[in-house]
Amino acid sequence: MVTLEAILESANLNQAWKRVVANKGSAGVDGMEVGDLRAHLFEQGPELVQSIKAGKYKPQPVLRVLIPKEEKGKFRPLGIPTAIDRWVQQAVQQKLSEEYEKVFSESSHGFRPNRSCQTAVEQCLKLANEGYVWVVDLDLVKFFDTVNHSKLLQLLSERIKDGRVISLIHKFLRAPVLEDGKSTPNTIGTPQGGPISPILANIMLNELDKKLEERGHPFVRYADDMMIFCKSRKSAERTLANIKPFIEKKLFLKLNEEKTKIRYIGSSDVKFLGFGFYAEKGGKIKDKPHQKSKDKCVKRLREITSRSRGQSLDAFRKQLSEFVRGWVNYFLRSDMAIFVRDTDKWLRRRIRQIYWKQWKKISTKYEALMRLGVSPSLAWQHANTRKSYWRTAHSWILATTLTNGFLHRKGWVCLGDVYKKRTQGSY
């Protein structure tokens with residue numbers, strides 16, 4: 001049972017502090033870093049807890065920042081509560097999670113224990129290979145920004161009987177937003193960025209989950225990303241027509257008419273959590289990184305290895321390693337061997353270009369090539385080349401000196417290094 005006393009138990013509050021610190025994050029409007037939270041709670045914690053019990057606690061404004069989206073010129077608003085407010089939100093979230101895990105759907109995968117994007121994709125493949133190859137690809141218009149507070153509080157009140165908890169959550173929902181130095185009241189939405197936002201989103205969309213289950217529609221949902229699976233296009237059309245009124249009239253959310261589409265699972269237009277799907281010979285449906293995910297990967301690799309960044313080789317190596325490991329580990333379960341192989345050829349050329357650019361002077365190039373075992377005459381000849389950096393990076397002189405083995409020994413990590421290690425095979 002979710003009560004204010006349960007939320008304010010010392011064990012729950014301590015666990016909330018650990019989670020906030022582990023999640024890091026930027027400072028809010030008060031400038032307090034999460035590293036300073038422990039000392040503050042040691043001094044002010046008892047007084048803060050007492051203010052929550054007395055109903056006097058008031059969250060500070062949420063700092064809004066805009067994060068660029070994939071679409072050029074579009075941004076996703078992110079709300080950054082103060083470290084103190086994140087601590088209180090986390091304490092509430094933990095108890096809400098304990099309560100609602102009992103009733104959440106098995107087809108919901110976002111922001112839940114022991115579930116992930118990968119488990120969501122696994123369920124998609126299972127359904128597709130059972131013959132559910134037509135999908136209603138649902139897209140909700142700015143879901144997190146348009147959640148109706150009254151509807152959400154009504155749903156919470158049906159399960160949580162402690163009015164003080166409902167009031168505390170309401171305060172978080174109504175916390176003003178600070179953007180460009182201007183504070184604006186918040187009357188709608190659950191700003192992304194706070195610990196409580198994902199669980200509130202799941203509570204709202206659990207109503208949609210239940211409705212789909214009542215009607216016998218297989219689906220997979222990760223937060224507000226959802227696909228409903230059907231065995232024919234006509235069935236998918238009926239499903240969309242039937243579920244749209246519930247979404248818009250009962251949950252007060254709005255479907256994006258342009259992006260909500262009915263598609264064959266293997267269509268290049270189907271993109272779910274960065275994954276695409278295809279039918280191999282024999283008809284089995286498998287997953288792969290979507291083309292847009294591949295393009296985004298190459299774009300980021302290009303940015304990281306830009307020769308105009310003017311930083312040390314160690315800095316290049318560190319950033320590249322962090323990105324490559326994260327990207328490969330995310331898409332590891334999918335078919336990407338050919339993409340990895342082809343991209344690595346290009347990536348190693350980019351790395352060789354970095355070396356050639358950093359050597360810069362003719363004398364430095366000459367000495368570097370000599371150290372790599374090139375004869376004095378050849379070293380001098382290639383040190384004086386007038387070819388562009390990119391052409392030189394593809395030349396045999398660098399391919400035979402800055403070899404793949406050399407780059408590996410120097411600590412450069414390419415996609416294939418992580419992929420082969422994780423799959424224990426070759427490509």
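**Strands, cores and charges**

Author: Let's begin with a pair: Val135 stands opposite Phe229 in S7. Before going on, this is a predicted model, where local features need pLDDT of at least 70 and side-chain atom pairs count only at pLDDT 80 or more, while totals for chains, interfaces and linings use all residues. Residues are numbered from 1 along each chain as its sequence is written, and side-chain values use heavy atoms, leaving out hydrogens and water.

Reader: What makes strand S3 and S7 a pair?

Author: Two strands pair if DSSP finds at least two bridges between them. Strand S3 (residues 134-138) and S7 are joined by 5 bridges and run antiparallel, so they pair under that rule.

Reader: And how do you know that S7 is enclosed?

Author: Buried means under 20% relative accessible area, with exposed over 50% and partly exposed in between (1.4 Å probe, protein chains only). In strand S7 (residues 225-230), 5 of the 6 residues are buried, so S7 is largely enclosed by the rest of the structure.

Reader: What joins S6 to S7?

Author: 4 bridges, with strand S6 (residues 219-222) running antiparallel to S7. Tyr222 stands opposite Asp225 in S7. The two strands form a hairpin with 2 residues between them, and Ala223 in the turn has a positive phi of about 55 degrees.

Reader: Which way do S1 and S4 run, parallel or antiparallel?

Author: Parallel: 2 bridges join strand S1 (residues 62-68) to strand S4 (residues 177-179). Since the rule asks for at least two bridges, they pair, so the label holds. Leu63 has Leu178 as its bridge partner in S4. S1 is also joined by 6 bridges to strand S2 (residues 75-80), this time antiparallel, and there Ile67 partners Arg76.

Reader: Why is a set of residues called a nonpolar core?

Author: The term means buried Ala, Val, Leu, Ile, Met, Phe, Trp, Tyr and Cys residues joined through side-chain atoms within 4.5 Å. The largest such core here has 64 residues, and Trp87, Leu96, Leu156 and Leu200 have the most contacts inside it. A second, separate core of 56 residues includes Ile285, Leu320, Trp359 and Leu369.

Reader: What does Leu96 touch?

Author: Leaving out residues up to four places away in sequence, Leu96 touches Val2, Ile160, Ile169, Ile196, Ile199 and Leu200. Contact means heavy atoms within 4.5 Å.

Reader: How many residues does the chain have, and what share is buried?

Author: The chain has 427 residues, and 48% of them count as buried.
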